[in-house]
Amino acid sequence: MLTPDESSGPAAPSPIAPRRTGLRERTGALLAEHAGPTMKFLIVGGTVFLLDAALYNLLVFWNPATGWGQGLLHGHPLTAKVLTIALASCLTYLGNRLWTFGDRPRPDTRRSVVLFVLVNIIAAGLQLACLGFSRYVLGLDSPLADNISGTLIGQIVSTSFRYVTYGRWVFPRAQAPASACGQSSPRADVSPR
């Protein structure tokens, strides 16, 4: 007579063993986890991008006395970009803190703001490098060249950097408490296959 352990059927999976997931399931889970925040981040970024572009063009290419041509800061495009990035960064912080990452726990505000400022200084440096390269290395100073290099290409590079760093360090997810045995959460134990 066979005992239940000696039956000829396949062994039932252990309730403790991690379940293997396929590429399709992992991709679907990643998409579900990141689609909402990514769309919100892009909406906040797109709105602030339009403000940044408009303000930069006003400062560099519009003069209140003579109209379009050479603006008040035409000879100082990096200064104009620093001013527009500073304003855009303040609005970006509010939009991302309150909406994009609003479902995450509120971190220590002082820590969050300091990290936000550091990330944005680096991101601004990336954006300014694109504009500076176009202006001072390639010698391009037309409105089209400035908008392509500083506003479009610079924004793509800096926005990609911001998205990754905001989600990891500025507005992090809640830390999963360690179990009583000192092990990390099950999600951290699952390695990609």
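This is a predicted model: local features need pLDDT of at least 70, side-chain atom pairs count only at pLDDT 80 or more; totals for chains, interfaces and linings use all residues.
Residues are numbered from 1 along each chain as its sequence is written, and side-chain values use heavy atoms, with hydrogens and water left out.

Now for the chain overall. Of its 193 residues, 31% are buried, with buried taken as under 20% relative accessible area, exposed as over 50% and partly exposed as in between (1.4 Å probe, protein chains only). The accessible surface comes to about 12,600 Å², worked out by the Shrake-Rupley method with a 1.4 Å probe; carbon and sulfur atoms make up 70% of that surface. As for contacts (heavy atoms within 4.5 Å), 69% of those between residues at least 6 apart in sequence link residues at least 24 apart.

Two residues of the loop between S2 and H2 can be taken together. Gly71 sits in this loop and counts as buried because its relative accessible area is 10%. Setting aside residues up to four places away in sequence, Gly71 touches Leu59, Val60, Phe61, Trp62 and Asn63. For Gly71 and Leu59, which lie 12 residues apart along the chain, the C-alpha atoms are 5.7 Å from each other. His74 also belongs to the loop, which runs between strand S2 (67-68) and helix H2 (77-100). His74 is buried too, because its relative accessibility is 12%. Beyond its neighbours within four places in sequence, His74 is in contact with Leu59, Val60, Phe61, Gly69, Arg135 and Asp141.

Next comes the pairing of H2 with H4. The axes of H2 and helix H4 (residues 143-170) come within 13 Å and cross at roughly 35°; axes here are lines fitted to C-alpha atoms, for helices over the stretch in contact, and angles run from 0 to 180 degrees between N-to-C directions. On the H2 side, Pro77, Lys81, Ile85, Ser89, Thr92 and Asn96 meet Asp146, Gly150, Thr151, Arg162 and Tyr166 of H4. By class, this contact has 3 nonpolar, 5 polar and 3 charged residues, with Ala, Val, Leu, Ile, Met, Phe, Trp, Tyr, Cys and Pro counted as nonpolar, Asp, Glu, Lys and Arg as charged, and the others, Gly among them, as polar.

Conventions:
Helices (H or I, at least four residues) and strands (E, at least two) are DSSP runs, numbered from the N terminus.
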